[in-house]
Amino acid sequence: MNLKQHTIKQSISFEGVGLHTGKTAVMTFHPAPPHYGIRFIRTDLEGKPEVRAHVDNVVATERGTVLAENGAQVHTVEHVLSALMGMQIDNVRIELSGPEPPIADGSSAPFVELLQQAGKEEQNALRQYICIDEPIYYRDEDRQIEIVALPADEYRLTVMVDYNSSVMGSQHAMLFDWNDYPKQIAPCRTFCFLHEVEYLYSKGLIQGGSLQNAIVIVEKPVEAAQLERLAALFDKEEVAVQSNGILNNLELRFHNEPARHKLLDLIGDLALLGRPLKAHVIATRPGHHANVQFAKKIKAYMEKNPSNDIKQFHPGMPAVLTATQMYEMLPHRYPFCLVDKIIYLDDEQVVGVKNVSIGEPYFQGHFPGNPVMPGVFQIEGMAQTGGILVLNTVPDPSNYWTYLLRVDNCRFRKMVHPGDTIIYHCRITAPIKRGIIKMHSDAYVNNELVCEADMTASIVRKDGEKNDE
């Protein structure tokens with residue numbers, strides 16, 4: 001998946017009827033700045049209230065996911081959100097002239113085509129991922145639903161469905177390569193069983209449903225009177241059940257289209273976390289309510305483990321800044337180059353990597369025969385990593401020096417030995433004032449904290465003036 005955030009290059013619109021409300025609306029996608037996320041704007045309401053696509057804003061999940069914020073609601077958002085996640089677009093402003101995005105053909109394909117027409121634009125900001133280091137489970141035994149997220153280096157999904165249907169049978173679908181999303185997942189349409197149709201309509205749902213935007217599965221013989229009622233409901237001259245068990249002989253796009261659509265929905269509902277996952281999500285019989293409850297469990301995990309999404313490391317992880325690029329910014333030279341690369345950097349935090357080698361010069365004199373990395377060099381590695389973060393706050397780092405002013409609350413938790421890989425994580429803890437930056441820094445080996453400290457640094461222009469930002 002992408003390392004950088006993306007938006008769209010130009011605004012583009014789509015008009016159609018909503019699945020459940022039956023109301024026509026124009027939906028317009030607009031470019032948005034980095035870290036904006038996905039937000040719906042109800043242009044038909046006074047004040048044009050904004051509704052953020054966030055799991056905390058979910059207010060209903062019956063046959064679709066409904067968001068509410070600032071006195072406004074947006075219904076059935078999952079297909080649009082799935083298309084955005086599938087196209088790896090992070091920031092977009094969606095203006096909507098009604099309560100619900102158009103259902104189109106019941107899939108995400110029309111939205112994918114729209115986004116492809118608008119074009120994708122890389123932004124000067126890194127994508128923030130949700131990383132987990134232990135399984136996260138959700139179970140609903142009554143509905144036979146189970147969803148688990150397993151630690152992984154990529155975002156992968158596997159979905160299995162079995163509704164004891166002689167027509168559908170058992171089905172599964174998976175997405176391991178996001179380049180497959182537009183053609184393999186996006187075209188898959190929503191579905192329901194015939195016995196649900198009249199009930200859903202009586203509940204005020206599927207007011208915009210038709211045989212063109214939903215697969216209706218028939219499992220039992222249907223009386224002529226019921227077919228007549230369905231014809232009137234869908235405004236058709238007649239409705240028939242064909243040999244494949246689908247109303248009006250709608251051709252399936254894939255033999256497992258229902259399972260693929262469940263995967264599509266799961267992607268859209270998990271997009272409400274606001275960040276893509278680095279995990280393998282495996283779901284049995286998922287639905288909107290279960291998806292959202294599962295997303296809330298992941299959110300709770302994030303809140304308890306706030307740094308897990310950035311301190312993960314594997315040897316193949318690409319560098320945001322290589323050692324050469326780092327030391328073009330920093331004034332240090334061998335043997336004082338104590339960070340090998342930067343793997344994460346944004347406006348508030350940075351992650352650096354140091355591979356500790358037996359060839360480090362300090363091991364010649366520090367506990368020969370029992371080499372232990374000196375704590376002072378761990379602090380220096382933290383300071384250099386933090387220096388990159390500090391220099392990232394100014395427009396031209398080559399015009400500035402950074403100086404470490406003080407170290408507080410320093411603790412060494414575990415020893416560091418040759419062969420270890422240290423992950424340095426530094427984050428700004430207070431607004432920068434008159435060139436003074438306060439940071440908290442942690443060092444990890446194998447996800448265990450080995451050192452921590454609070455640091456204060458100064459950023460000074462090379463002409464002698466302090467930076468006042």
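## The chain as a whole

Of the 469 residues of the protein chain, 53% count as buried. The model is a predicted one, and its secondary structure comes to nine helices and 25 strands. Among the contacts in the chain with a separation of 6 or more, 72% are made by residues 24 or more positions apart.

## Helix α1 and its burial

Helix α1 spans residues 78–86, and because nine of its nine residues are buried, this helix is largely enclosed by the rest of the structure. The buried residues run from E78, H79 and V80 through L81, S82 and A83 to L84, M85 and G86, where buried means a relative accessible area under 20%. Just after α1, Q88 adopts a positive phi of about 60°.

## The crossing of α1 and α6

One of the elements that α1 meets is helix α6, which covers residues 257–270; the axes of the two helices come within 7 Å and cross at roughly 85°. Since angles of 65 to 115 degrees count as roughly perpendicular, α1 and α6 are therefore described as roughly perpendicular to each other.

On the α1 side, the contact is made by E78, H79, L81, S82 and M85, and on the α6 side by H261, L264, D265, I267, G268 and D269. Sorted by class, the residues of this contact between α1 and α6 are four nonpolar, four polar and three charged.

## The cavity

The structure holds one cavity of 30 Å³ or more, and the largest cavity has a volume of about 60 Å³. Its lining consists of L19, T76, H79, V80, E100, P101, P102, I103 and F111, a set that divides into six nonpolar, two polar and one charged. Two residues of this lining, H79 and V80, are also listed among the buried residues of α1, and H79 takes part in the contact with α6 as well.

## The second largest pocket

The second largest pocket has a volume of about 580 Å³. Of the 27 residues that line this pocket, G37, I38, L273, G274 and R275 are the closest to its centre. The elements that give two or more residues to the lining are β4 (38–42), α1 and α7 (288–304), so that α1, already described as largely enclosed, also contributes to the lining of this pocket. By class, the residues of the pocket lining divide into 12 nonpolar, eight polar and seven charged.

Key
Residues are numbered from 1 along each chain as its sequence is written. This is a predicted model: local features need pLDDT of at least 70, side-chain atom pairs count only at pLDDT 80 or more; totals for chains, interfaces and linings use all residues. Side-chain values use heavy atoms; hydrogens and water are left out. Buried means under 20% relative accessible area, exposed over 50%, partly exposed in between (1.4 Å probe, protein chains only). Helices (H or I, at least four residues) and strands (E, at least two) are DSSP runs, numbered from the N terminus. On a 1 Å grid over the protein atoms alone, a cavity is a set of points where a 1.4 Å probe fits but cannot get out, and a pocket is an open set with protein on both sides within 12 Å along at least five of seven lines; lining residues have an atom within 4 Å of a point. Grid points are joined across faces, edges and corners, and a volume is the space filled by probe spheres set on the points. Ala, Val, Leu, Ile, Met, Phe, Trp, Tyr, Cys and Pro count as nonpolar, Asp, Glu, Lys and Arg as charged, and the others, Gly among them, as polar. Axes are lines fitted to C-alpha atoms, for helices over the stretch in contact, and angles run from 0 to 180 degrees between N-to-C directions. Angles under 35 degrees count as roughly parallel, over 145 as roughly antiparallel, 65 to 115 as roughly perpendicular and the rest as oblique. Contact means heavy atoms within 4.5 Å.
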